[in-house]
Amino acid sequence: MSLELPHFPYHRDPQASGSLRRTDDACECCGQSRGVLYDGVVYTRSKVKALCPWCIASGAAADKYIAAFFDADFYDDAGNVVELPEHFYRSVFGCTIGFSTYNPIGWWVHCSEPAEYITRIEPYEMVFQCKKCGARHSIYDPD
Ligand SMILES: [Zn+2]
Ligand SMILES: [Zn+2]
């Protein structure tokens, strides 16, 4: 399938990650049926289920449902939690389409910025890449 999707600066290929499902159902946030919806966990107290990638990318879903698409923190190379400016939490956890992991993930931070999630290398490697210097880092995610 080929789709025109919104750009997610922190998640390179949502289609490859299995984060999308083809459907004619409408998005509950914008009411539009664009042929594809997010297929993953929505962290919210609201009962919303059907969200389109555009409402996730724009932040509309995060705002309307106080929703996040990851239950994560930011981590450095040594596995320590790092604090980043508030807008990064919104961009990464609220405006980035989710992907599934076996374990809670620590989102890799390099050069003082959240890295971009690139891909999963089976069986256990989640590969991230620094958006500034291009360094790569794998997070171990055993099942
Ligand atoms: Zn929508
Ligand atoms: Zn870097």
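Okay, a definition before anything else: buried means under 20% relative accessible area, exposed means over 50%, and partly exposed is in between, with a 1.4 Å probe and protein chains only. By that scale Cys111, at 34% relative accessibility, is partly exposed. We'll come back to Cys111.

Quick housekeeping. This is a predicted model, where local features need pLDDT of at least 70 and side-chain atom pairs count only at pLDDT 80 or more, while totals for chains, interfaces and linings use all residues. Residues are numbered from 1 along each chain as its sequence is written, chains are lettered from A and ligands numbered from 1 in the order in which they are written, and side-chain values use heavy atoms, leaving out hydrogens and water.

So, the metals. Donors here are N, O and S atoms within 2.8 Å of the metal, or 3.2 Å for Na, K and Ca, and water is not among the atoms, so sites may look incomplete. Take the zinc ion that is ligand 1. Its protein donors are the SG atoms of Cys27, Cys30, Cys52 and Cys55, lying 2.3 Å from it. The spacing in sequence is C-x2-C-x21-C-x2-C. The angles among the 4 donor atoms run from 105 to 113°, and the site is tetrahedral. For the geometry label, four donors are tetrahedral if all angles lie between 85 and 135 degrees; four are square planar and six octahedral if opposite donors are over 155 degrees apart and all others between 65 and 115; anything else is irregular.

How do these cysteines sit relative to solvent? Cys52 is buried at 1% relative accessibility, and Cys55 is buried at 6%. Cys30 is partly exposed, at 32%.

Now ligand 2, also a zinc ion. Its protein donors are His110 through ND1, plus Cys111, Cys130 and Cys133 through SG, at 2.0 to 2.4 Å. The pattern along the chain is H-C-x18-C-x2-C. This site is tetrahedral as well, with angles of 99 to 115° among the 4 donor atoms. Cys111 is in the loop between strand S4 (106–110) and strand S5 (113–114), and Cys130 is in the loop between strand S7 (125–129) and strand S8 (136–140), so this pair ties together parts that are 19 residues apart in sequence. Those element names are DSSP runs numbered from the N terminus: helices are H or I with at least four residues, strands are E with at least two. Cys130 is buried, at 4% relative accessibility.

Cys111 has a positive phi of about 55°, although it is not a glycine. Ser112, in the loop between S4 and S5, also has a positive phi, near 65°, and is not a glycine either. Ser112 is exposed, with a relative accessible area of 56%.

On to the sheets. Strands pair if DSSP finds at least two bridges between them.

Strand S6 (residues 116–121) is joined to S7 by 5 bridges, antiparallel, with Glu116 partnered by Gln129. The S6–S7 hairpin has 3 residues between the strands, and Pro123 lies in that loop. The peptide bond from Glu122 to Pro123 is cis, omega near 5°. S7 also pairs with S8, antiparallel over 5 bridges, where Glu125 has Tyr140 as its bridge partner. That hairpin has 6 residues between the strands, and Gly134 takes a positive phi near 85°. In S7, 4 of the 5 residues are buried, so the strand is largely enclosed by the rest of the structure.

Last stop, helix H3, residues 86–94. Its buried residues are Phe88, Tyr89, Val92, Phe93 and Gly94. The cover over them includes helix H1 (53–58), helix H2 (60–65), strand S3 (73–75), S4 and S5, with contact meaning heavy atoms within 4.5 Å.
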